[in-house]
Amino acid sequence: MATAADGVGSIAIDTSQLNMSVTEPAAWATAMNNLGMVPVGLAGQQLVTDSICVRGFDPNINMVTGITPVNPMLSSMGLVAQPPPAEVPVIKEIIHCKSCTLFPPNPNLPPPSTRERPPGCKTVFVGGLPENATEEIIQEVFEQCGDITAIRKSKKNFCHIRFAEEFMVDKAIYLSGYRMRLGSSTDKKDSGRLHVDFAQARDDFYEWECKQRMLAREERHRRKMEEDRMRPPSPPAIMHYSEHEATLLAEKLKDDSKFSEAITVLFTWIERGEVNRRTANQFYSMVQSANSHIRRLMNEKATHEQEMELAKENFKNALTGILTQSLAAQAYALKEENDSLRWQLDAYRNEVELLKQEKGQLFRTEESLTKDQQLQFLQQTLQGMQQQLLKIQEELNNKKSELEQAKEEHTHTQTILKILQDQLKKNTKEFAETNGRDESQANEINVLTVPVVSQDREKNPEKRSQPLKSEKEALLIGIISTFLHVHPFGANIEYLWSYMQQLDSRISANEIEMLLMRLPLMFKQEFSGVGATLEKRWKFCAFEGIKTT
């Protein structure tokens, strides 16, 4: 082991001392022929990333162990040269040892796969070893990655190597994919392709758990120290009561700077039950001095509050004065600006009016004259429409008065109708009692015709008779007279209205009834029937009036 350790420095690789560079196609082809492989081109993808350390590796572990993390790409480690810049593809180079030579994998091939790294992994699995490889040769190759604590070699061309630190495993993984050749022999038993992968060992996991527990203890200790540092300090211990301490406390109560501390001590003594007959006088004097001190503080507080209120009032008055002055100045400035703008606007308006007048005098044409004529014509039409509107209003007022009169007549006829219905009911009762009467008298009672409106018309002939207002009413009277003359027994208003609807669809039954009621000398209204068969009919009676006269 010592000799191997001494020879590590001499085995270190330097790109300037290599006899054969992989960047030369001839050297690469010669090396591949010696191994019995077909040479391929050098162009390909990058096989080594910027950081070959395994994901999840914590470099801060040196806080516990005191070991500084080492990048396996450093040239001082004697494994590989310092990687070139990122824009240049990284190509692994040949590694020469005393008893063997390591040839890099083909750059065009994908990088070798690895399993998930176990926590605290310090052991690697190395497969693909030559059959004639011994434990000393394996130690010579992998000792360049770091201190080896144990090597467990199997008879089936693989072994397990345990390193002293975790970062050494990352450097050993870098050798995965290299082809190992013992000496200069071309025998298959003296060559093999290395496959380095993470291995799961109980010793590694136990050490990792111990390290995690130690880190947890340190974290708990750090948090406790932080909590102790952030915790407020405990109040000082209060002394026990004695006469000497009581005299000192009485002096402190009179001092303004020590009053708060002294009053807490006094309260504590009272809570402890130090007051008795022997110490009552001292406590009474201390309470009196504390009371006087508190009263003085309250008086000072009241005076300070009054001074504060007075200062606030003065500040408020001064602030209002400043604001009023500033607002007055701003208002005056705005008023002046408004006046100037108004004067400018008046001047512009006068100029526009002058320009309009000049333009109107110069360019007055026939269109302006036609506009004046149109305006006069519109005014005349407006006056005519106003006159028509006044006439329509007068007609509307007349219609309203006629409607009121019709309502009064309707109410009068309703009262008369009720009276006649009462009389008919009485007559029917008398008829039912006197069943011995003859049929002719019963028929006369059954068909009772009462000239209802004629009595009222005879009483007020001047009030009810009104002249015709239009030619349409005269035409309607002629048609209705002819219709009723054809029907000597009379006709009800619905029958008459249905006939008039065929001649004029806009006429209403109420309008026909009002027209008939206005001419009592030409038309009369009669009621016929008894009870539910009571019916109101209109008859033409103009010829009867002529005969009576």
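Reply: Let us begin with V287, a residue of helix α10, which spans residues 280–362. Please bear in mind that the model is predicted.

Me: How is V287 classed by accessibility: buried, partly exposed or exposed?

Reply: A residue is called buried under 20% relative accessible area and exposed over 50%, with partly exposed in between. V287 has a relative accessibility of 40%, and therefore counts as partly exposed.

Me: Where is L519 found, and is L519 buried or exposed?

Reply: L519 sits in the loop that links α17 (509–517) to β10 (523–528). Because its relative accessibility is 15%, L519 counts as buried.

Me: How far apart are L519 and A542 in sequence and in space?

Reply: Sequence separation and spatial distance are read as two separate values. L519 and A542 are separated by 23 residues in sequence, while their C-alpha atoms lie 9.7 Å apart.

Me: What secondary structure does the chain have, and what percentage of its residues count as buried?

Reply: The chain has 18 helices and 11 strands. Of its 549 residues, 29% count as buried. The chain exposes about 38,100 Å², of which carbon and sulfur atoms supply 55%. Among contacts with a separation of 6 or more, 66% are between residues 24 or more positions apart.

Key:
Residues are numbered from 1 along each chain as its sequence is written. This is a predicted model: local features need pLDDT of at least 70, side-chain atom pairs count only at pLDDT 80 or more; totals for chains, interfaces and linings use all residues. Side-chain values use heavy atoms; hydrogens and water are left out. Helices (H or I, at least four residues) and strands (E, at least two) are DSSP runs, numbered from the N terminus. Buried means under 20% relative accessible area, exposed over 50%, partly exposed in between (1.4 Å probe, protein chains only). Contact means heavy atoms within 4.5 Å. Accessible areas come from the Shrake-Rupley method with a 1.4 Å probe; for residues, only the protein chains shown count as cover.
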